[in-house]
Amino acid sequence: MGNRRMGLARMEQLFEGLKRDLALGGATISGEFMAVEAKAASYAVSMPADSGTTFTTTGASGAVTFTLPTPSASIKGAHCYFFNTVDQNMVIAVTGNDAIVTLNDAAADTLTFGTSAEKIGASVHCVCDGSLWLAMDTSENTITTTIAS
């Protein structure tokens, strides 16, 4: 049989025919777009189904609490983003206690973005390492975050 060469046109045709959606451990990556969901009321984040999602507070008329599940090996690597789009408190909580690592606190229970004039634009990226949630403040400006342990 030997080596077989394939022309560029044939390679392009094969690549173009490939599916663009991949199912990866319960999460789906489609094209170049990220899932974005507005939550006007408190919401319990479900992993791995919500992994990779950006949650906003668009439409909220009161405080919104996003509750992360208890970290575990089965959701290691799961992550999501939270972005406050309204002048209301945004709270990131976790099921259980002492399971969030954030600035100067290795055992936080909640993060609250609630300082007047610093709510809109507050954002955080949370990643599960298998035993804890790592919360990285991604806000553009200096934002005061209230951390409860």
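1. Strand S4 (residues 43–44) and strand S6 are joined by 2 bridges and run parallel, where strands are DSSP runs of E of at least two residues, numbered from the N terminus, and two strands pair if DSSP finds at least two bridges between them. Within this pairing, Ala-44 has Thr-67 of S6 as its bridge partner. The model is a predicted one, in which local features need pLDDT of at least 70 and side-chain atom pairs count only at pLDDT 80 or more, while totals for chains, interfaces and linings use all residues. Residues are numbered from 1 along each chain as its sequence is written, and side-chain values use heavy atoms, with hydrogens and water left out.

2. S6 is also joined to strand S8 (residues 90–94), by 5 bridges, and these two strands run parallel. Here Thr-67 stands opposite Ala-93 in S8.

3. Buried means under 20% relative accessible area, exposed over 50%, and partly exposed in between, with a 1.4 Å probe and protein chains only.

4. On the cysteines, the structure holds 0 disulfides, a disulfide being a pair of cysteine sulfur atoms within 2.5 Å. For Cys-80, the closest cysteine sulfur is that of Cys-126, and because the two sulfurs are 5.7 Å apart, they are too far from each other for a bond. Cys-80 counts as buried, at 0% relative accessibility, and Cys-126 is buried with a relative accessible area of 1%.

Notes. Helix = DSSP H or I, 4+ residues; strand = E, 2+ residues; numbered from the N terminus.
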